[in-house]
Amino acid sequence: MSRTLLFIKIMADQTYRLELKNITKSFPGVLAVQDVTLSAYPGEILALAGENGAGKSTLMNILSGAFTADTGMILLDGQEVKIPSPRRAQELGIAMIHQELALIPQMTVAQNIFLGREPLFAAGTLVNTKMMQAEAQSVLNQLGLDFSVTALISDLSIAQRQMVEIAKSISIKSRVIILDEPTSALSERESAKLFDLMRSLREQGVTLIYISHRMEEIFNLSDRVAVMRDGQLVGVAATKELNVNSVVQMMVGRELKEFFPKAETQRGEVALEVHNLRSGSHLKDATFTLYKGEIVGLAGLVGSGRTEIARVLFGADPNEGGEIRVAGKLVKIHSPQEAIRLGIGLVTEDRKAQGLFLGQSVRSNASVSLFERLSRFGFLLYEKIDQWVRGAIQQLNIRAANLEQRVGNLSGGNQQKVVIARWLAVNPQILILDEPTRGIDVSSKAEIHNLMGELAAKGMAILMISSELPEILGVSDRILVMREGRLMAEFSRADATQDRIMQAATGQLQNAGLNVHE
Amino acid sequence: MTAPVEQLRSAPFTLNIFLKRFGLLLVYALLGLGLSLLSDRFLTGSNQINILRQATISGIVAIGMTLVILTAGIDLSVGSILALSAVITADLLKQGLPVFLAVLIALGIGALMGMVNGLMIARGKIPPFIATLGMLTVGRGLTLMYTQGKPFTGLPDTFRFLGTGSIGAIPMPIVIAAALFILVTVILTRTRFGEYIYLIGDNPVAARLAGINTNRMIVFVYMISGICSALAGLILIARLDSAQPVIGVGYEFSAIAAVVVGGTSFSGGEGTLFGTLLGTLLIETLSNGLNLLNVSQLWEQVIKGVVIALALLFYKAINRSSK
């Protein structure tokens, strides 16, 4: 009797939900994943960390059937399985929630949850909408989600859409759920909600594999951390045995001295004054000043109007009544072209959708803003352009094979540097960066922060929007906080803490430090 | 900095890349080889000149269409623009207007109609397909109204030189098309405007945020397409000595086919004018060959359609496997 129990206990201890054995995958010219062996238990959150290009996504794509491994074996609950397609992965109960969500915006929550497996009637010709909605509702209830099953996806926030993806994976009885940087587009509050949901799924015995660049979240959430570098698994350990430095060190293979290097800058003259800026329903009232040589952090929840400030200043959205002064002069900005002429640059938050020309060369992407200057009678002076781009590649440490390489084939960090290079060419007086380091690896991140410091030291005024509070705190000389379309608080570097910023962003602290402008 | 992040080797030179770069040339060569074996008339100089002359009309329209498709647009109105500018020009010529002025007016009409297309698309945010479909109908309607359904024939000889004359041994239409081809190639590959066309086609949002006046560029592109159509119309009526109200019907099809067979992507930002040249020649050579082999007109249509479908499948296959 006791022997059997012991036997069962040992079995239970050793039963992995998922085992990846000696997985290798190569693409033409690149060994993306090299001999990786990794296991995960039921009811655990396994964080998968690594720089961009380390092979995390490839490994997870193999698991979810998007790629097939060259060699190696996958075991699910002790059984060897073959996963030749995403559909097979779904049947096996493996769901992957991608950074780019795969929902259909024009359909309802219920329709998306049941896409491709709708309950049918009338000999399989009609969809049983009632039953579908009832079942979708019960999944939402189980997860404690409060939006309607008949809501259109396009009406939901990014965070809610992610929740729908998770609901979908739950409704197909997934045993393993992979989340690829789920919080990169979420506000802190939304992230917290997602984490609660992940924890409750863990209680229910689901295995969650969680890819993230954010150390704070990894340490908050995960039971174990696996780190990949250059396609190999560098290490796996219980989270409580690790600290941020040790994980970062494993990721980069060296020690990073400062997470957010901060160069000392001298505050100069006024570069930009903004009074009662207004636009649409998201930006109601913002008044602030930027000085040359400083980095101002703009914090706030997603949807609080931060991005709208950037867009109005850059002429991408209409300015509905606010006053903008550039270097003391009242200006009207109707288009990005005009903004650029006034010396304003914008690095957009979504580099793929709004920043880059993914199918075009590194040269074109980095130098588009130079075309006016480096052309004669409309003809481009390619020699000068190439010379400049080569210099920028070197200065920013951009890893590109050559100038002709398609930007779409670069890693996230290098793509972002290409966008920044474009603005270096213009040398604006005011540079706005909207989430400049979202979803990029730690070394690129440090390089970008360094560069921002250098630019400020040369007299540029920098406005940085970020959802990452450690970044805001680490980089900014001054911090502005938005809430519901209004600028709510201003902190000096010395006064700012994560708590105070969050309080201002969520409305518990009103008008802190703003009396300066009255 | 020693962070080992990713492999920097550029992709090896594979069969895929070879096919992508030279596939069309290969198909063209094979077609030529096949036809010269099947028909001893195919490879004669006069027949080759004939193919080129046939290719000029659709080729010139396809040049404008290439720019439009590179911006991820489409111009369905090319045939109607061609027709309206052609009949008005023919009428003016018959009334004794100097050739030079008539030609300018024709190109002006093309530019104007193209500008309307461009403004509808850039400013009005109407999808190119719908905007130019509207212009197709309006243009054809105006043409029928203008002509009252009757053709204009008997154009002055100085004007007919555009279609029937030659410089040395080379027929005038070929000279014009070649010059236009070179000019637009230079614009596409050497100028700011050319770069902007690719960038706008790749990502219009990013293009605007990079400070490009995207609206103006799009209007220019449709104007160029209109001018190309009008020019093709002039050559056509000069050769036929007649401007029929139904002239140019269906030309959008052959132009789009040439561009797409030439490898330009419908989603914009990818393609070359050289590809369009090969696409045009391929389709014209195919027509010519089928003619020489006495294949019926009806089958010719079917075979052309199949060839275009195959070309698209071919590109799809290459693009998929090279990712």
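How many residue pairs in polar contact does the rule find across the interface of chain A and chain B? The rule finds 14, each with both residues at pLDDT 80 or more. A polar contact here is a pair of N or O atoms within 3.5 Å; within protein, one must be able to donate a hydrogen and the other to accept it, and residues adjacent in sequence count only if both atoms are side-chain atoms.

Some ground rules, then. This is a predicted model, where local features need pLDDT of at least 70 and side-chain atom pairs count only at pLDDT 80 or more, while totals for chains, interfaces and linings use all residues. Residues are numbered from 1 along each chain as its sequence is written, chains are lettered from A in the order in which they are written, and side-chain values use heavy atoms, with hydrogens and water left out.

**Two interfaces**

Back to chain A against chain B. Helix H11 (336-341), H12, strand S20 (379-380), helix H15 (412-426) and helix H16 (442-457) of chain A each give two or more residues to the side that touches chain B. H12(A) gives the most, with four residues. (Helices are DSSP runs of H or I with at least four residues, strands are runs of E with at least two, and both are numbered from the N terminus.) By class, that side of chain A splits into 19 nonpolar, 17 polar and nine charged residues. Ala, Val, Leu, Ile, Met, Phe, Trp, Tyr, Cys and Pro count as nonpolar, Asp, Glu, Lys and Arg as charged, and the others, Gly among them, as polar.

There's also an interface inside chain A. The domain assignment (bounds from an automatic or database assignment) gives domain 1 (2-93 + 174-252), domain 2 (260-343 + 428-518) and domain 3 (360-427). Domain 1 of chain A puts 15 residues into its contact with domain 2 of chain A, which puts in 14 residues.

Here are the areas for both. Buried area is the accessible area (1.4 Å probe) that two parts lose on being put together, summed over both.

| Pair | Buried area | Share on carbon and sulfur atoms |
|---|---|---|
| Chain A and chain B | about 3,400 Å² | 54% |
| Domain 1 and domain 2 of chain A | about 1,300 Å² | 54% |

Across the interface of chain A and chain B, the rule finds zero salt bridges; a salt bridge is a side-chain nitrogen of Lys or Arg within 4 Å of a carboxyl oxygen of Asp or Glu. Between domain 1 and domain 2 of chain A, the salt-bridge count is zero, and the rule finds zero residue pairs in polar contact with both at pLDDT 80 or more.

Ser361(A) sits in the loop between helix H12 (351-355) and helix H13 (362-367) of chain A. Its relative accessible area is 11%, so it's buried, meaning under 20% (1.4 Å probe, protein chains only). The Ser361(A) side chain reaches the backbone nitrogen of Ser364(A) at 3.0 Å. Beyond four places in sequence, Ser361(A) touches Leu403(A), Glu404(A), Gln405(A), Arg406(A) and Val407(A), with contact meaning heavy atoms within 4.5 Å.

Thr437(A) lies in the loop between strand S21 (430-434) and H16 of chain A, and counts as buried at 2% relative accessibility. Leaving out residues up to four places away, Thr437(A) touches residues including Lys445(A), His449(A) and Glu471(A).

Over in chain B, Ala86(B) belongs to helix H3 (residues 78-94) and is buried at 1% relative accessibility. Its C-alpha is 8.5 Å from that of Leu236(B), 150 residues apart in sequence. Setting aside neighbours within four places, Ala86(B) is in contact with Gly233(B), Ile237(B) and Ala243(B).

Conventions
Buried < 20%, exposed > 50% of the residue type's maximum accessible area, 1.4 Å probe, protein only.
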